Amino acid sequence: MHRSIAIVGAGPAGMAAAIEAVRRRCRVTLIDEAERPGGQIYRQAHPALAGEEHAERAELARKHALIERFERVAGQLDYRAGATAYAAFGNGELHISERGRTEVLRPDATILATGVRELAVPFPGWTLPGVMFAGGAQAILKSQKVLPGARAVVAGCGPLPLVVAAQLLRAGGEVAALALLRPLTGMLAHPMSLWHGREIVRDGFRYAATVRRAGVPRLTGYVAVRAIGTECLEAAVLARVDGAGRVVPGSEREIPCDLLAVNYGFVANSELAAMAGARMRRDPVIGGWIPEVDAWGRTSIPGLFTAGDGAELRGALVAEADGTVVGAAAASPDGAAEASPGSELASAIAQRARHLEFQQVVRSTLRLPMELWRLVTDDTIVCRCESVRFGEIKDALANGHRSLNAVKRNVRSGMGWCGGRTCLHAIASLVELSTGSAPTEMMTPRPMARPVSFAALARRSPT
């Protein structure tokens, strides 16, 4: 009998895993919250929406090639678009919500290809309308084909702020400033690693050229320290920070804008793996709390795999190759596959290794100095869902509640709609800054990992 595989997420890793599992004659169920495949990086707009895509041609070619490959096999799998996986358990159960109903799946193997979310570094005013993650601004461009703001300030670290600034310009927007914590030119010290990622590097140079031609002021060593506005964003305040992340006195610059797009890196959407009981480890640079996996994507839970950025921050090209490898492994009863020389699987393994070399250099641009977390004031909201301010968290720490679960119980941070996805890493970093000790355990993940209505829970499909 052919193996049954459930895949959560239809980004590059999930699509590639589905393609490989179908090729190996598995019965595949693919669950994705979006209505169209692609994930964040290859997000698709509705076909009825007119307008250009503002990404580089090479990136668009990679996107359309993978989506076309996926669409050729989509009829051979159970593709659940617009569905949510909200719980996973160590006994192999995967609970999903779809169209107002819930269902329990019991596949032979589950692949979590859930990707990443953006890392939140709270600062005064960051909850104002008009302040958003850079990837959120990019998602609006991709899916809605409209500008999220007319005059933008883009800030953060790593390559994404540069990409988003260029795409906003190409869409007809104005970028008043691009502030980067550290220069991307630092990557030039690793030419061989850049050669391994030459496709992405070429795209990066073209995005940089777009920003340069537009005459956008580039402020290196600056970060967003404050957002100003009453009912919505009116201006962003940028300031220079030293090597330790401390604000340099007298360096503040106030820039009028209606969009502040910020990105300081990413953390993995790893709640389902943690909920199932997989062993987790924390790495602030490559994804926050991530499951421990081997080369085949196997977690410590038999039959549970992770692929792509959900295993650690690795980028779209690694995710696609990794999806193929993990899809092949999940299709095998022993969780591993034979990669004979010259096979497609061997090629995917080699591609994954090559692109990982490049990602090592990218990660060097994402390291945040701990002092940067001191941007928060006592009045700064840290947990947006429950409106928990840093002063409340500080009081809990002063009273001896130093684990993340203890902070959660005492001030309700992490109990809201997002289940801690936005505030978890921020609270962990603030605890480390305040106590001098990094938390070793994440907040205990509980169902539901995503919001599910009571009506849907009451209407459970038979299994």
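Q: Which helices each supply at least two residues of the lining of the second largest pocket?
A: In this predicted model, the second largest pocket has a volume of about 430 Å³. Of its 25 lining residues, the closest to the centre are G416, G419, R446, P447 and M448. The helices that each give at least two residues to this lining are helix 7 (271–275) and helix 13 (454–458).

Q: How many residues of the lining of the second largest pocket are nonpolar?
A: The lining of this pocket includes five polar and five charged residues. The nonpolar residues in the lining number 15.

Q: What is the volume of the largest cavity?
A: The structure holds two cavities of 30 Å³ or more. For the largest cavity, the volume is about 130 Å³.

Q: Which residues are the closest to the centre of the largest cavity, and which helix gives the largest share of its lining?
A: The largest cavity is lined by 13 residues, and the closest to its centre are E53, H54, A55, K142 and Q167. Two elements give two or more residues to this lining, namely helix 3 (134–144) and helix 2 (57–73). The largest share, three residues, comes from helix 2.

Q: How many residues of the lining of the largest cavity are charged?
A: Four residues of this lining are nonpolar and two are polar. The charged residues number seven.

Q: Which elements each supply at least two residues of the lining of the second largest cavity?
A: The second largest cavity has a volume of about 50 Å³. Its lining residues include R117, E271, W289, H425 and M442. By class, the lining has five nonpolar, four polar and two charged residues. The elements with at least two residues each are strand 17 (266–268), strand 19 (288–291) and helix 12 (424–435).

Q: What does helix 2 reach from its first C-alpha to its last?
A: Helix 2 has 17 residues, for which 24 Å is expected at 1.5 Å a residue. The model is close to that value, and helix 2 reaches 25 Å.

Q: Within what arc do the buried residues of helix 2 fall?
A: The buried residues of helix 2 are E59, L60, R62, K63, L66, I67, F70 and V73. An α-helix has 3.6 residues a turn, so residues three or four places apart point the same way. Seen down the axis of helix 2, the buried residues line one face, because they fall within an arc of 160°.

Q: Which exposed residues are carried by the face of helix 2 turned away from its buried side?
A: The buried residues of helix 2 pack against helix 1 (12–23), strand 2 (27–32), strand 3 (78–81), helix 3, helix 6 (198–213) and helix 8. The face turned away from that buried side carries the exposed residues R57 and R72.

Q: Is R62 buried or exposed?
A: R62 lies in helix 2. Leaving out residues up to four places away in sequence, R62 touches Y42, E199, I200, D203 and L317. The relative accessible area of R62 is 18% and the cut-off is under 20%, so R62 is buried.

Q: How many of the residues of helix 8 are buried?
A: Helix 8 (residues 316–330) reaches 20 Å from its first C-alpha to its last, close to the 21 Å expected at 1.5 Å a residue. This helix is largely enclosed by the rest of the structure, because its buried residues number 14 of the 15.

Methods: Residues are numbered from 1 along each chain as its sequence is written. This is a predicted model: local features need pLDDT of at least 70, side-chain atom pairs count only at pLDDT 80 or more; totals for chains, interfaces and linings use all residues. Side-chain values use heavy atoms; hydrogens and water are left out. Helices (H or I, at least four residues) and strands (E, at least two) are DSSP runs, numbered from the N terminus. The expected span of a helix is 1.5 Å times one less than its number of residues. Buried means under 20% relative accessible area, exposed over 50%, partly exposed in between (1.4 Å probe, protein chains only). On a 1 Å grid over the protein atoms alone, a cavity is a set of points where a 1.4 Å probe fits but cannot get out, and a pocket is an open set with protein on both sides within 12 Å along at least five of seven lines; lining residues have an atom within 4 Å of a point. Grid points are joined across faces, edges and corners, and a volume is the space filled by probe spheres set on the points. Ala, Val, Leu, Ile, Met, Phe, Trp, Tyr, Cys and Pro count as nonpolar, Asp, Glu, Lys and Arg as charged, and the others, Gly among them, as polar. Contact means heavy atoms within 4.5 Å. The arc is that of the directions from the helix axis to the C-beta atoms.
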